[in-house]
Each structure stands twice: as C-alpha cells, then as structure tokens.
Amino acid sequence: MGIIIFRKTLRRRIIGEYVLTEEDIFNCARFDDAIGVAAYPVDLHHPLGGDCTLMWCPDCYDIPYRSLVPQKVDGLLCAGRNISATHLALASVRVMAPAMCLGEAAGKAAALCALSGVEPRNLDVRTLQDALKAEGVYLR
C-alpha cells in the first residue's frame with residue numbers, strides 16, 4: 001500500500017476594487033459598472049480529478065469593471081483567470097465566453113486610459129460601456 005502526500009499549494013489571487021462572488025452569480029447580480037454578462041454554471045473540478053460539480057445560476061449575471069482593477073497596483077487591468085473573484089465565482093467566469101468578454105473590456109479600457117491619460121481605476125466606466133456597446137457587446 002502506497003502513501004499519498006499532498007503538497008499544500010499557496011493560492012494567490014488579485015484583490016480588486018470588487019471581488020466577484022458565488023452569491024453574485026446565484027443571485028443574478030447587476031452592477032452599474034458592468035462590462036459583460038455571463039451565464040456559465042459554476043464548474044468546479046474536483047482536485048483529485050475524474051469528476052466535476054456543476055451548479056447552475058438561475059439566469060445570467062453581470063461582470064463588474066471593478067473586478068478587473070487591482071486595489072494596490074496602478075496601470076494594470078486583470079482579465080481572464082486573473083479577475084478578482086472567489087474560488088467558486090472563478091469557476092464560472094474563467095471559461096471561454098466570459099474570458100473573451102473580459103479580454104475585450106480590458107483591452108478597450110486600456111486604450112481609453114492611454115488616450116485620456118487616466119489610471120484604470122479613474123476611467124469613466126460609462127465611456128467604456130458606450131465603447132463596448134458600439135462594438136456590439138451586450139450589457140443589460
């Protein structure tokens with residue numbers, strides 16, 4: 001009989017101006033600073049492999065711009081798996097469609113920041129939302 005030793009891994013997460021939570025997902029949260037809408041279930045892969053748990057949200061939820069803006073670092077936007085989210089929320093927002101949405105919003109926000117000379121945390125989110133909508137992004 002063999003002995004299995006699990007190394008404890010240190011998980012590092014960016015803490016943003018807002019931390020997206022599983023409650024936001026399951027309560028179909030709406031945010032004034034929404035930069036996208038997602039509806040993928042919480043897709044939690046078991047750490048030992050072989051199975052996963054899917055927990056469905058009742059409809060869709062907004063992804064807030066503040067979750068892309070780190071609290072302690074200027075000049076940086078985090079998208080994809082770097083978004084400020086809890087473990088369970090990340091299990092929904094990390095998949096392809098929301099990740100593309102996050103990438104587009106982060107890229108557009110970076111361009112707007114460069115053009116206007118402001119830090120991402122000071123960007124007028126309405127301007128970003130208008131720019132995203134002009135390119136066909138759906139915001140509720």
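**A pair of helices**

Select residues 96–116, helix α3, and residues 125–134, helix α4: the two pack at an angle of about 120°, with axes 10 Å apart. That angle makes α3 oblique to α4; angles under 35 degrees count as roughly parallel, over 145 as roughly antiparallel, 65 to 115 as roughly perpendicular and the rest as oblique. Axes are lines fitted to C-alpha atoms, for helices over the stretch in contact, and angles run from 0 to 180 degrees between N-to-C directions. Helices (H or I, at least four residues) and strands (E, at least two) are DSSP runs, numbered from the N terminus.

Now show side chains. On α3 the contact (heavy atoms within 4.5 Å) is made by Glu104, Ala105, Lys108, Ala109 and Leu112, and on α4 by Thr127, Leu128, Ala131 and Leu132. These residues divide into 6 nonpolar, 1 polar and 2 charged.

**The model as a whole**

This is a predicted model, in which local features need pLDDT of at least 70 and side-chain atom pairs count only at pLDDT 80 or more, while totals for chains, interfaces and linings use all residues. Residues are numbered from 1 along each chain as its sequence is written, and side-chain values use heavy atoms, with hydrogens and water left out.

Zoom out to the protein chain, which has 4 helices and 4 strands in the sequence pattern α-β-β-β-β-α-α-α. Its C-alpha trace spans about 65 × 35 × 20 Å along the principal axes. Colour by pLDDT, the predictor's confidence in each residue, from 0 to 100: the chain mean is 89, and 91% of residues reach 70 or more. Residues 1–7 have pLDDT below 50, and this stretch has 1 contact beyond near neighbours in sequence.

**A salt bridge**

Next, select Arg121 and Glu17, whose side chains meet in a salt bridge at 2.6 Å, N to O. The term requires a side-chain nitrogen of Lys or Arg within 4 Å of a carboxyl oxygen of Asp or Glu. Arg121 lies in the loop between α3 and α4 and Glu17 in the segment before α1 (22–26), so the pair ties together parts 104 residues apart in sequence.

Methods. Ala, Val, Leu, Ile, Met, Phe, Trp, Tyr, Cys and Pro count as nonpolar, Asp, Glu, Lys and Arg as charged, and the others, Gly among them, as polar.
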